[in-house]
Amino acid sequence: MRKLVHAMLWTLGGEMRKRFVTSSDSKHLMSLCKLNPAQIRPFPLISGGIHSMRGSTELNVSPNLASINRKTKLDLAPARKIVRSVPAIKAAIHESVATPAEVSGSLAPGVLCDETFIKTFWRDNTDTPEGHHFMLSEPCLGTSAQLNCFVSHCWSPPSDWMVGEEEDAYALLPYEEAKSRELAELCIERMISMGSDEDPHQAWKRTTLWIDKASIPQNQGPEIKMKYVLMIEHFITLSDSLLVLLSHTYFTRLWCIYEWACFLISKDPRNIFIGSKYFMTPESQPKYLAAVRGISVAKAECFAESDRPILEAKVGQYYRDAASFERYVKITAVALLAKDMLEFATDEDDEKRWLLPWVDLARELNFHELVAAIEQAKPVQWHLDFGHGSPGFHNMANDWFSEAVVPILAEELQAAVRPEVLGEIIASESAGGSELGLNNPLKAPEVQPGCWARLFGKKKDKKGRVAPSVPESENVINVKARELAAAGSGGHGA
């Protein structure tokens with residue numbers, strides 16, 4: 001207890017630490033633990049708002065946090081009490097939104113939640129003095145609100161982002177508009193993947209999102225902000241899907257890699273939705289390839305170097321080593337980007353332009369099984385058969401990904417993570433998933449989170465979706481995973 005309190009106080013810095021150590025409650029706590037406030041070394045935790053040039057949750061957080069949370073099983077109860085979600089219609093722009101009134105009207109007197117407001121929201125990482133952006137969110141606990149998706153992104157545009165001329169087929173929109181429109185497209189894609197009977201161009205509006213600036217109070221003081229920031233991993237775990245607004249700098253940012261890796265520890269890769277339509281151009285595609293090729297814990301950029309030990313600690317906590325972690329992030333990135341490129345491959349020329357570079361990168365990185373899997377995809381034929389961007393096209397792409405790619409990623413995860421971590425994932429699944437957030441009550445009931453123990457079904461249900469073909473207890477991934485877990489007897493330091 002004494003060490004924990006000391007570690008907690010060490011993370012506090014400046015005026016925040018001063019206010020804490022002089023409060024009556026904290027004095028009593030420190031006296032019980034025999035701590036002297038003068039001996040608590042200050043460490044700046046948060047300065048100002050959420051920093052620019054970073055991932056969606058990148059903050060200057062003390063590396064000492066890594067020693068506080070070494071458990072791989074998360075206690076999600078505190079996070080469930082404070083998690084907040086934003087209705088997609090209040091954060092995304094799409095032609096299906098007919099009038100501003102459909103967005104639920106005013107947030108405050110004289111403040112209308114319309115397209116102009118949404119673009120302003122995505123312009124930078126600061127809230128208004130009145131906290132209007134935080135007003136977009138609502139608590140999930142004890143309400144009808146649910147948490148569907150964690151939104152992962154870089155707040156600042158790439159330095160080479162140039163708004164193009166309207167007649168240019170690959171013209172870039174202003175960054176804030178590109179993000180808001182891409183977000184709507186991802187929500188629609190997710191609805192199609194769910195196999196909902198509703199029109200996805202209408203149902204997407206009810207998708208609920210965790211967005212850092214709206215889900216973390218920016219103007220209520222550093223102590224409250226810290227409480228939310230320390231639960232980023234918990235909020236990721238409570239989400240059933242990860243929506244990635246993919247600029248070409250995404251995989252160069254430390255906190256973006258952190259969010260990607262945290263989600264994939266316990267969640268199905270089919271629940272990651274990548275948005276690049278409003279970001280990627282023929283000119284920027286080589287930068288995307290270079291970013292994935294160069295994924296590195298040591299070289300990832302961050303606002304403050306003090307952030308780096310947090311990710312390094314998480315790598316050591318969940319993965320066998322940095323090389324295993326980096327390989328897994330790279331292969332999942334190549335696989336999911338290849339899936340995303342299928343929509344661009346409407347003819348043979350576009351297939352060569354958009355998809356084949358990712359096949360070449362997979363080959364360069366020695367992901368030979370993934371190369372063979374990607375080559376099984378027939379996007380040009382699917383576009384001809386079902387229509388560009390249609391539900392039928394997405395169903396074919398999803399079935400291909402489930403049958404050809406997901407088993408490869410499952411094998412890669414088994415090789416990358418520590419055996420005891422894999423064992424904990426399976427144990428959590430057997431217990432109902434409460435430890436890792438699987439099947440949690442905040443999720444939409446029709447979305448199945450998909451642990452690795454459930455990924456190998458080839459039989460399809462009436463809607464053509466892949467479903468488990470054997471009882472879970474007989475599933476091959478379960479058998480292999482249990483064998484690996486039994487083989488690994490060492491702790492985290494092994």
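Which strands does helix α7 lie across? In this predicted model, local features need pLDDT of at least 70 and side-chain atom pairs count only at pLDDT 80 or more, while totals for chains, interfaces and linings use all residues. Residues are numbered from 1 along each chain as its sequence is written, and side-chain values use heavy atoms, with hydrogens and water left out.

Helix α7 (residues 175-194) lies across β5 (149-152), β6 (208-210), β7 and β8. It runs at about 145° to β7. Helices (H or I, at least four residues) and strands (E, at least two) are DSSP runs, numbered from the N terminus. Axes are lines fitted to C-alpha atoms, for helices over the stretch in contact, and angles run from 0 to 180 degrees between N-to-C directions. Contact means heavy atoms within 4.5 Å.

The open sheet has six strands, in the order β4-β1-β6-β5-β7-β8, with mixed pairing. β4 (138-139) and β8 stand at the edges with a single partner strand each, so one side of each has no neighbour in the sheet. Two strands pair if DSSP finds at least two bridges between them. Strand β7 (residues 241-245) runs parallel to β8, and four bridges join them. Leucine 243 has phenylalanine 273 of β8 as its bridge partner.

α7 also packs on α19, at an angle of about 70° and with the axes 9 Å apart. The two helices are therefore roughly perpendicular (65 to 115 degrees; under 35 counts as roughly parallel, over 145 as roughly antiparallel and the rest as oblique). Glu189, Ile192 and Ser193 of α7 meet Pro391, His394, Asn395 and Asn398 of α19. This contact of α7 with α19 has two nonpolar, four polar and one charged residues. Here Ala, Val, Leu, Ile, Met, Phe, Trp, Tyr, Cys and Pro count as nonpolar, Asp, Glu, Lys and Arg as charged, and the others, Gly among them, as polar.

α15 and α19 pack at about 175°, with their axes 10 Å apart. α15 is thus roughly antiparallel to α19. The contact includes Tyr328, Ile331 and Leu336 of α15 and Trp400, Phe401 and Leu409 of α19. Its residues divide into 13 nonpolar, three polar and three charged.

Six cavities of 30 Å³ or more are found in the whole structure. On a 1 Å grid over the protein atoms alone, a cavity is a set of points where a 1.4 Å probe fits but cannot get out; lining residues have an atom within 4 Å of a point. Grid points are joined across faces, edges and corners, and a volume is the space filled by probe spheres set on the points. The largest cavity holds about 130 Å³. Of its 13 lining residues, Glu189, Lys339, Asp340, Glu343 and His394 lie nearest the centre. β8 (272-275), α15 (322-341) and α19 (391-416) each supply at least two lining residues. α19 gives the largest share, four residues. The lining has seven nonpolar, two polar and four charged residues.

Definitions and conventions: On a 1 Å grid over the protein atoms alone, a cavity is a set of points where a 1.4 Å probe fits but cannot get out, and a pocket is an open set with protein on both sides within 12 Å along at least five of seven lines; lining residues have an atom within 4 Å of a point.
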